[in-house]
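Hi,

Here is the structure I promised to pass on. Please open it alongside the notes below.

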Amino acid sequence: MKVTISVIKADTGSVGGHNRPSDAMVAKAKERVAEAIKSKLLIDGHVTFTGDDIALLMTHTRGTDNSDVHKFAWDTFVETTKVAKSQGLYGAGQDLLKDAFSGNVRGMGPGSAEMEIEERPAEPFIVFAGDKCGPGVFNHPLFSAHADPYHNAGLLLAPDMQAGFTFHIMDVNHTENDKVITLKVPNDYYDIACLLRDPNRYIIESVVENATGLTAAVASTSRLHNIAGKYVGKDDPVAIVRSQKQFPSTGEILSPWALAQFTLGDNRGSHHVAVMPVKQNTIISFFDGPTIMSAAGYCVHEGKLTEAVDLFDQPFWDVIREKASKKTLAMREQGFFNPAMGPQDEMEYTGVMENLKRLDAKFVKRDEPAK
Ligand code: F6R
Ligand code: MG
Ligand code: MG
């Protein structure tokens, strides 16, 4: 059976700063998803939150970029915004950057990752949701899980996977329309590495298995400051990754997260910290961070979802959470000095740029040659 898995997420307000949505907001989203299942818009759905973002996981048969499904998600976020406003929550409607819905949430603020699949007899997949980071946070773990035998032993041990994977990578600095390059491992390994090393600009949009042409992973690529032209909150991306059999195993997909990679995000979207793999429904705390990533495992059959398995809720990840805290603290000791604070063109608040402009006028050029 052909099924579409859609994950659409947005920050529409939170309790205590940018920390988590209220119970009433989550309840409203759940109520709407239940109604949409009843009215047969969706086959199934789940509502979760990661930090201050609510994620709607939805299954249906309407294909990707379906305007009814996108409108449903948009209207749900309009409703959770109303709840947030009625409770006096902070940042109500933060990610709803446009006044009226126009067919697709892409380019309007909410992040989306969708794939249409022919269900395998057993169809396990993982939904990743991050807070206080940009979509480039998936570059390292998706590349490692699909291209690197250090993490994906299947690339050596499972004949199914040896033809490698194709990466669709977007240049998100090109805002007029989508600008995408298609490269394959193993052949283009170094070219892919050359792009992915800059996760603020080149971002994995999807991964496809070479042998079968099946979609292995999709990730949201929206960068809010590119849409709004100014800082309106970090992008806080989502990804859907299929696992097992012809794809990396669930454990191989999780393996790269043990690095606790440094990423740009955290406080004011402008600091490098280590990504902490967290349990579902984890809040934001230290320094408006740290940057967090949750992972929920599901199986889907005829569009019906199982309960979620909370993949980072396991004692192994306690050690990684401690490692991430230590790495973040080590970076934070450096305060505002680069690379603790991000590069100039990635400063999400305009203060630094305005100050530099003002100070530039006060610089004196010594021994300037006569004109
Ligand atoms: C980061 C984030 C927070 C805010 C910070 C200041 O994505 O959401 O770190 O940037 O709390 O928020 P405002 O400017 O809303 O007071
Ligand atoms: Mg927020
Ligand atoms: Mg957020």
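What volume does the second largest cavity have? About 60 Å³. Bear in mind that this is a predicted model.

Its lining first. Gly134, Pro135, Gly136, Val137, Pro199, Asn200, Arg223, Lys234, Thr263 and Leu264 line the second largest cavity. By class, that lining has 4 nonpolar, 4 polar and 2 charged residues.

Now the wider count. The model has 3 cavities of 30 Å³ or more. The largest cavity holds about 80 Å³ of space. Its lining is made up of 13 residues. Thr48, Ala55, Val127, Gln280 and Tyr298 lie nearest the centre. Strands E2 (44-50), E3 (53-60), E5 (124-131) and E14 (292-301) each give two or more residues to this lining. By class, the lining of the largest cavity has 8 nonpolar and 5 polar residues, with no charged ones.

Where does the largest cavity lie? Domain 1 (1-118) and domain 2 (124-300 + 313-364) both give residues to its lining, so the largest cavity lies between them.

Next, strand E10. Of its 5 residues (238-242), 5 are buried, so E10 is largely enclosed by the rest of the structure. Val238, Ile240 and Arg242 point one way. Ala239 and Val241 point the other way.

E10 has these pairings. With E5 it pairs in the antiparallel sense over 5 bridges. There, Phe125 stands opposite Arg242. Strand E9 (215-219) also pairs with E10 in the antiparallel sense, over 3 bridges. Val218 has Ile240 as its bridge partner in E10.

Best wishes

Note on methods:
Residues numbered from 1 in each chain as written. Chains lettered and ligands numbered in written order. Predicted model: local features only at pLDDT ≥ 70, side-chain atom pairs only at ≥ 80, totals over all residues. Heavy atoms only, no water. 1 Å grid on protein atoms, 1.4 Å probe; cavity = no way out; pocket = protein on both sides within 12 Å on 5 of 7 lines; lining within 4 Å. Points joined across faces, edges and corners; volume = space filled by probe spheres on them. Helix = DSSP H or I, 4+ residues; strand = E, 2+ residues; numbered from the N terminus. Nonpolar A, V, L, I, M, F, W, Y, C, P; charged D, E, K, R; others polar. Domains from an automatic or database assignment. Buried < 20%, exposed > 50% of the residue type's maximum accessible area, 1.4 Å probe, protein only. Pairing = 2+ DSSP bridges.
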